[in-house]
Amino acid sequence: MEPAFYTGAMYVSYGVGIAVAVAAYALTIIFGYDFGPGGIMLTIILALLITMPYIGAVSKAIWAHMFFKYNKEIAKKVSNDSRT
């Protein structure tokens, strides 16, 4: 992979991280926890730290799927070659 691939995945990672932060904030509000501003910030940071490996993997997959298309013939050829 070229370095630009990881740069693009970094931008996708930012968007996915924002989505996780908004989801963590929304869940604290929906479940009625009143942590105050500092507690909500710590909740968001904790959620981001826990999901950091997942965010990295998903962002690379999203970025790759924007450019690589699935081809049934190639997939079939590769799976047949691996059995020999």
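Author: Let us begin with Ala23, which counts as partly exposed because its relative accessibility is 37%; buried means under 20% relative accessible area, exposed means over 50%, and partly exposed lies in between, with a 1.4 Å probe and protein chains only. Ala23 is found in helix α1, where helices are DSSP runs of H or I with at least four residues, strands are DSSP runs of E with at least two, and both are numbered from the N terminus. Between Ala23 and Ile50 there are 27 residues in sequence and 14 Å in space, C-alpha to C-alpha.

Reader: What should I know about the model and its numbering before I go on?

Author: This is a predicted model, in which local features need pLDDT of at least 70 and side-chain atom pairs count only at pLDDT 80 or more, while totals for chains, interfaces and linings use all residues. Residues are numbered from 1 along each chain as its sequence is written, and side-chain values use heavy atoms, with hydrogens and water left out.

Reader: Which residues of α1 are buried, and what covers them?

Author: An α-helix has 3.6 residues a turn, so residues three or four places apart point the same way. In α1 the buried residues are Phe5, Gly8, Ala9, Val12, Val16, Gly17, Val20, Ala21, Ala24 and Thr28, and their cover includes α2.

Reader: Which residues make up the largest nonpolar core?

Author: A nonpolar core is a set of buried Ala, Val, Leu, Ile, Met, Phe, Trp, Tyr and Cys residues joined through side-chain atoms within 4.5 Å. The largest one here has nine residues, namely Val12, Val16, Val20, Ala21, Ala24, Ile40, Ile44, Ala47 and Ile55. Both α1 (3-30) and α2 (36-65) supply at least two residues of this core, and α1 gives the most, with five.

Reader: With which residues are Val16 and Ile44 in contact?

Author: Contact means heavy atoms within 4.5 Å, and in each case we leave aside neighbours within four places in sequence. Val16 is in contact with Ile55 and Ile62, whereas Ile44 is in contact with Ala21, Ala24 and Tyr25. Ile44 has its place in helix α2 and is buried, because its relative accessible area is 17%.

Reader: Is Thr28 buried or exposed, and what is in contact with Thr28?

Author: Thr28, which lies in helix α1, counts as buried because its relative accessibility is 5%. Apart from neighbours within four places in sequence, Thr28 is in contact with Tyr33, Phe35, Ile40 and Thr43.

Reader: Where is Phe35, and how should I read its accessible area of 42%?

Author: Phe35 has its place in the loop between α1 and α2, and a relative accessible area of 42% makes Phe35 partly exposed. For comparison, Met41 lies in helix α2 and counts as partly exposed at 48% relative accessibility. After α1 comes Gly32, whose phi is positive, near 80°.
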